[in-house]
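Subject: Structure handover and findings

Hi,

Here is the structure for you to take over.

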Amino acid sequence: MTASNRVVLSSDHAAIQLRQAIAAHVAAQGWVVVDIGPATPESTPYPRHGEAAARLVASGDCRFGIILCGTGQGIMMAANKVRGIRCGVCADTFSARMIRQHNDANMLSIGARVVGEGLAFDIVDAFLAAGFEGGRHATRVEMIGALEG
């Protein structure tokens with residue numbers, strides 16, 4: 001099993017149901033899903049879940065990460081603190097496609113209180129199907145990486 005077909009999913013308590021639905025959707029497309037929870041609805045801090053998923057992507061264990069919280073914003077901010085992570089929060093398919101094509105994003109964040117299940121599936125599909133275009137975008141992605149110090 002290689003990282004090229006592995007995607008990690010994580011969320012806080014606000015997004016468990018949508019995360020599980022996305023996990024099933026992604027698995028049905030042939031991806032190996034690494035769902036790191038949580039499994040119970042007790043309040044849980046999104047920074048821990050964003051970091052845990054980001055570490056699996058940054059280590060190369062998973063090719064992509066999909067993370068969720070109420071708005072998608074907080075968990076995305078936490079994930080982006082991990083070196084090598086480029087995560088964007090998306091509520092539309094255009095943005096999801098563009099963060100892959102132009103920013104070589106390796107993680108996607110979704111707000112479970114912002115988008116419904118059908119749109120979330122479309123966003124995930126757009127993200128996973130898009131490829132990095134390289135070229136002038138590669139130079140800009142290198143500039144982003146240089147900001148990590």
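Which residues in α4 and α5 meet? From α4 they are Thr93, Ala96, Arg97, Ile99 and Arg100. From α5 they are Asp122, Ile123, Ala126 and Phe127. Sorted by class, this contact of α4 with α5 has five nonpolar, one polar and three charged residues. Bear in mind that the model is predicted.

**The two helix pairs**

Two packed helices are described by the angle between their axes and the distance between the axes. For α4 and α5, the axes cross at roughly 20 degrees and come within 8 Å. Angles under 35 degrees count as roughly parallel, so α4 and α5 are roughly parallel to each other. Their crossing is right-handed.

Helix α5, residues 117–129, also packs with helix α1, residues 16–28. Here the angle is about 50 degrees, and the axes are 10 Å apart. That makes α1 oblique to α5. The crossing of α1 past α5 is right-handed. On the α1 side, the contact is made by Leu18, Ala21, Ile22, His25 and Val26. On the α5 side, it is made by Glu117, Ala120, Phe121, Val124, Asp125 and Leu128. By class, the contact of α1 with α5 has eight nonpolar, one polar and two charged residues.

Helix α4 covers residues 93–101. Its buried residues are Ala96, Met98, Ile99, Arg100 and Gln101. What do the buried residues of α4 pack against? The list is β3 (64–69), β4 (87–89), β5 (107–111), α5 and α6. At the start of α4, look at Asp92. One of its side-chain oxygens reaches to within 3.2 Å of the backbone nitrogen of Phe94.

Phe127 sits in α5. Is Phe127 buried or exposed? Its relative accessibility is 0%, so Phe127 counts as buried. Phe127 and Arg100 are 27 residues apart in sequence, yet their C-alpha atoms are 6.3 Å apart.

His137 belongs to helix α6, residues 136–146. Its relative accessibility is 4%, so His137 counts as buried. Which side chain makes a polar contact with the side chain of His137? That of His102, at 3.4 Å. Not counting residues up to four places away in sequence, His137 touches Gln101, His102 and Phe132.

Asp104 lies in the loop between α4 and β5. Asp104 is not a glycine, but has a positive phi of about 50 degrees. Its relative accessible area is 22%, so Asp104 is partly exposed.

Where is Ser10? Strand β1, residues 6–11, holds Ser10. With a relative accessible area of 0%, Ser10 is buried. A polar atom of the Ser10 side chain lies 3.0 Å from the backbone oxygen of Gly37.

Pro38 is in the loop between β2 (32–35) and α2 (46–58).

**Arg48**

Helix α2 contains Arg48. At 59% relative accessibility, Arg48 counts as exposed. Arg48 and Trp31 are 17 residues apart along the chain. Their C-alpha atoms are separated by 24 Å.

Over to you.

Methods
Residues numbered from 1 in each chain as written. Predicted model: local features only at pLDDT ≥ 70, side-chain atom pairs only at ≥ 80, totals over all residues. Heavy atoms only, no water. Axes fitted to C-alpha atoms, helices over the stretch in contact; angles between N-to-C directions. Helix = DSSP H or I, 4+ residues; strand = E, 2+ residues; numbered from the N terminus. Parallel < 35°, antiparallel > 145°, perpendicular 65-115°, else oblique. Left-handed = near helix turned anticlockwise from the far one by under 90°. Contact = heavy atoms within 4.5 Å. Nonpolar A, V, L, I, M, F, W, Y, C, P; charged D, E, K, R; others polar. Buried < 20%, exposed > 50% of the residue type's maximum accessible area, 1.4 Å probe, protein only. Polar contact = N/O pair within 3.5 Å; in protein donor to acceptor, adjacent residues only side chain to side chain.
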